[in-house]
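Please consult the sequence and the three-dimensional structure shown below.

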Amino acid sequence: ALYQNIDVKPIIIPYMDRIRELTDETVTLNYFAKVDRYYASIDFIQLESSQSLKLSSKIGGRSPIHCTAAGKVRFLGYSDAMLQEQLENTPFDRYTDRTVTDRELFRKQLDEIRKKGYCIEKEEYLPGICSVAVPMFKYTGRVIYALSVHVPSLRASDERLQEIAEIMMDVLSSATTCPDFLFKGAPIPKL
């Protein structure tokens with residue numbers, strides 16, 4: 001209930017703006033909503049890149065959680081039982097030839113994401129678009145938002161995506177006014 005009474009826009013937009021300034025890529029804040037029996041990632045706030053070639057999403061638009069960087073970090077705060085239930089109820093539809101549709105391979109990806117603290121996704125959902133996302137936690141360790149940066153594939157070398165991940169982690173972890181429930185010091189529970 002506490003989180004329903006907090007307007008996160010004035011809190012998070014300065015950090016999103018700083019990330020956009022440092023990367024000149026589109027930055028999106030997503031929240032998660034239950035659709036039927038599974039969750040979807042919903043675009044909530046977006047600050048667009050100044051570059052001509054960029055991702056521009058519709059606010060309120062839904063994305064699957066199994067093949068987007070923002071969606072994948074959603075699973076980081078889940079216990080093993082919660083993860084198993086969610087995997088059973090999440091459709092693993094194929095969107096591109098890079099979409100992971102095997103649940104065991106997906107679990108292995110989550111292990112890597114958990115170790116790093118962020119997710120890099122390369123054209124699993126949208127051809128020509130790669131994304132980097134970091135989770136934003138409640139004090140309980142559950143992910144309530146994901147902050148993501150979207151990069152057209154032509155600018156998305158492995159080095160560039162890693163650099164963006166480091167920028168995001170630096171901006172958010174060095175924040176002095178970002179409440180702990182959004183990023184700093186939030187644990188990533190072990191499964």
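The account that follows moves from the overall fold to helix packing and then to individual loop residues.

**Overall architecture**

The model is predicted. Its secondary structure comprises five helices and six strands, arranged along the sequence in the pattern α-β-β-β-α-α-α-β-β-β-α. The chain has 191 residues, of which 51% count as buried. Its accessible surface amounts to about 9,300 Å², and carbon and sulfur atoms account for 49% of that area. Where contacts join residues at least 6 apart in sequence, 62% of them link residues at least 24 apart.

**Helix packing**

Two packed helices are described by the angle between their axes and the distance between the axes. The table gives these values for two pairs.

| Helix pair | Angle between axes | Distance between axes |
|---|---|---|
| α1 and α5 | about 150° | 10 Å |
| α3 and α4 | about 140° | 12 Å |

Helix α1 spans residues 9-23 and helix α5 spans residues 158-173. Angles over 145 degrees count as roughly antiparallel, and α1 and α5 are therefore roughly antiparallel to each other. Their crossing is right-handed. On the α1 side, the contact is made by Ile12, Tyr15, Arg18, Ile19, Leu22 and Thr23; α5 contributes Arg160, Ile164, Ile167, Met168, Val171 and Leu172.

The angle between α3 and α4 is about 140°, and these two helices are therefore oblique to each other. The crossing of α3 and α4 is also right-handed. Here Asp80, Leu83, Gln84, Leu87 and Glu88 of α3 meet Arg103, Phe106, Arg107 and Leu110 of α4.

**The two sides of α3**

Which residues of helix α3 are buried? In this helix, which covers residues 80-89, they are Leu83, Gln86 and Leu87. These residues lie on the same side of α3 because they cover an arc of only 100° around the axis. An α-helix has 3.6 residues a turn, so residues three or four places apart point the same way. The cover over the buried residues of α3 includes strand β2 (38-47) and helix α4 (103-116). On the other side of α3, Ala81 and Glu88 are exposed.

**Loop residues**

Asp24 is located in the loop between α1 and β1 (26-35). Glu123 occupies the loop between β4 (119-122) and β5 (129-137). Is each of these residues buried or partly exposed? The relative accessible area of Asp24 is 25%, so Asp24 is partly exposed. For Glu123 the value is 19%, and Glu123 is therefore buried, the cut-off for burial being under 20%.

Arg142 belongs to the loop between β5 and β6 (143-152). With a relative accessible area of 31%, Arg142 is partly exposed. Although Arg142 and Gly77 are 65 residues apart along the chain, their C-alpha atoms are separated by 4.3 Å. Apart from neighbours within four places in sequence, Arg142 is in contact with Arg74, Gly77, Tyr78, Met82, Met136 and Phe137. One of these partners, Met82, falls within the residue range of α3, 80-89.

Conventions:
Residues are numbered from 1 along each chain as its sequence is written. This is a predicted model: local features need pLDDT of at least 70, side-chain atom pairs count only at pLDDT 80 or more; totals for chains, interfaces and linings use all residues. Side-chain values use heavy atoms; hydrogens and water are left out. Buried means under 20% relative accessible area, exposed over 50%, partly exposed in between (1.4 Å probe, protein chains only). Helices (H or I, at least four residues) and strands (E, at least two) are DSSP runs, numbered from the N terminus. The arc is that of the directions from the helix axis to the C-beta atoms. Contact means heavy atoms within 4.5 Å. Accessible areas come from the Shrake-Rupley method with a 1.4 Å probe; for residues, only the protein chains shown count as cover. Axes are lines fitted to C-alpha atoms, for helices over the stretch in contact, and angles run from 0 to 180 degrees between N-to-C directions. Angles under 35 degrees count as roughly parallel, over 145 as roughly antiparallel, 65 to 115 as roughly perpendicular and the rest as oblique. A crossing is left-handed if the near helix is turned anticlockwise from the far one by less than a right angle, and right-handed if clockwise.
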